[in-house]
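Here is a short briefing to read alongside the model. Have the viewer open and follow the topics in order.

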Amino acid sequence: MLSSDKEEFLKKTAKDIRKDILFQIYNAQSGHPGGALSCADILTAIYFEEKTNDDKVILSKGHASAALYAALAEHSEINKDELKTFRKYGSRLQGHPSSHALEKIDVSSGSLGQGLSIANGIALSNKLNKNDNKTYVILGDGEIAEGQVWEAAMTSSHYKLKNIIAFLDYNKMQIDGTNDEVMKSRPLDKKFKAFGWNVQEIDGHDFNQIIDAIENAKNSKKPNMIIANTVKGKGVSFMENQVGWHGKAPNEEQYNLAMKELS
Amino acid sequence: MKATRESYGEALEKLGKKNKDIVVLDADLANATMTKKFKSLYPKRFFDMGIAEQDMIGTAAGFAIGGKIPFSSTFAIFAAGRAYEQIRNAIAYPNLNVKIAATHAGLTVGEDGASHQAIEDISLMRTIPNMTVISPCDDMETKWAIDWATKYNGPVYIRLTRPKVESIYGENPELIILENDEKQKSKEEKRNLKPKFEIGKMIVHGEGNDATVFATGVEVQEALKAKNELAKQSINIRVVDVHTIKPIDKETIIKCAKETDRVITIEDHSIIGGLGSAICEVLSEEFPTKVKRMGVQDKFGTSGKWHELLEEYGLDSKSIIEEVLKKQN
């Protein structure tokens, strides 16, 4: 259990990250608020509670880039002022995360389905180097329709990569509709279990559950999949559970309303 | 005689001993790509990824991020073809230190037929920013290339082939045609004439002015055979071994175009987008010249013995001779 102080701190940080997400997307008039807001708490827990300097983070669902930049800004790894350059010409904050543009990004992403394979390579390198570093991966639920995810899932388990801690940001929605409408992927817990993973299912907005799941994962003998039940657009009432807010920027009125809700 | 894939296997064996950062990935083809030698010697640094090339390329990217020097191997069709987008986005875009050694390129795959004959891989790979593309022609050149790739920090695509080919730069340099005055030179002097391998620098065989034949991979030996035969009829051509397709050696291309009557390109690859296109791109901008592109004429391959296919598709030494003679007459 987190101390109430710690939990409050994480909640406040996640709120700031959500505000940063909205600011970037509003300012750029471009971006993906729904899936960025849904993984904000997971990123907060990783960056502010778990990640060491040698651990790596892969945002496999790269379109949620605003959430990653917000976490880096709140974590003082980039200047908060830089968020206003998001998605603009000449910015280090590319539309989808680029390690080449911004050194603090461990792995470039954006083309879906590739993060877990890259995590496997990093995890295998750590194993060869006999260190205990962890690789965190955040996958989208639409993303897992990519066949490469399942190739990689096999590899993680074949090579016993217990040093991988993956999150499935399970908000159950994607561009064209709900997962069930677009491509039914259920039951995901059984699928990952069948692929040889240690699967935990949690509320992806409850910090106690997120931290507990990561701590459990550190003692696992298998690669770890934390299925985090989340709400797309979490924190902004009119964006919550709305497919339409996958890749749309708010107008001025909507932005002001959203920021008011988060203050 | 040795296949360049065998030379690759031997190179890995040697480099793997010296450099502990080298890791090798394969997609269930270690016996064919010849990574099996590395596998048996350094099992802890060999990773079979199963028949999952996209995952293999992604994993190689992760190894590079983890500070290793990954060599990924499978057939060219499955590397450049199936995993194209992974190579582009996971390796080349972040400019990662991954080496893709793709074997069984071109029609010379032979019996397996069109599904396995990559005739588009040079084209696919050379359009990707940050990518270096190497297509060695013999044992020694392959070893040079692998050695260079290990030292170079960045993505490299190395195109290797299935059939045994002549040794052009090795112990058996009979295919190097020495010009008349050079024939008189001592053995020692001849050894010193051996071309030096430098990435991005083509190797020019001979000084004939009747035609230049730019060749790559298995076609270098065919072009040298043609050069030999033509010399008997007092037709003197020069053969340019284009081991590096990208970056392309503009200077040598322009020089040869200026100095010779004709320019011919030949590759075991489609005439669209490969070596021929690369040469034409340079000449059309720098020194407009008519170019004859010999290669696979926008069609698929088929099953057959590899030399039979080269003959049928007009890619053997005889076809080169015929092409050169066309204009002579």
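Chain B splits into domain 1 (4-159) and domain 2 (173-328), with bounds from an automatic or database domain assignment. This is a predicted model, where local features need pLDDT of at least 70, side-chain atom pairs count only at pLDDT 80 or more, and totals for chains, interfaces and linings use all residues. Residues are numbered from 1 along each chain as its sequence is written, while chains are lettered from A and ligands numbered from 1 in the order in which they are written.

**Domains of chain B**
- The C-alpha centres of domain 1 and domain 2 of chain B are 25 Å apart.
- In chain B, 25 residues of domain 1 are in contact with 31 residues of domain 2 (contact means C-beta atoms, placed from the backbone, within 7 Å).
- On the domain 1 side, H8(B) gives the most, with four residues (helices are DSSP runs of H or I, at least four residues, numbered from the N terminus).

**Chain A with chain B**
- This contact takes 21 residues from chain A and 23 residues from chain B.
- H5(A) supplies the largest share of the chain A side, nine residues.

**Helix pair in chain A**
- H1 (residues 4-28) and H10 (residues 252-262) of chain A pack at about 170°, their axes 10 Å apart (axes are lines fitted to C-alpha atoms over the stretch in contact, and angles run from 0 to 180 degrees between N-to-C directions).
- H1(A) is therefore roughly antiparallel to H10(A), a term for angles over 145 degrees.
- Among the residues that meet are Leu22(A) and Tyr26(A) from H1(A), and Tyr255(A) and Met259(A) from H10(A).

Technical notes
Two residues are in contact if their C-beta atoms, placed from the backbone, lie within 7 Å. Helices (H or I, at least four residues) and strands (E, at least two) are DSSP runs, numbered from the N terminus. Angles under 35 degrees count as roughly parallel, over 145 as roughly antiparallel, 65 to 115 as roughly perpendicular and the rest as oblique.
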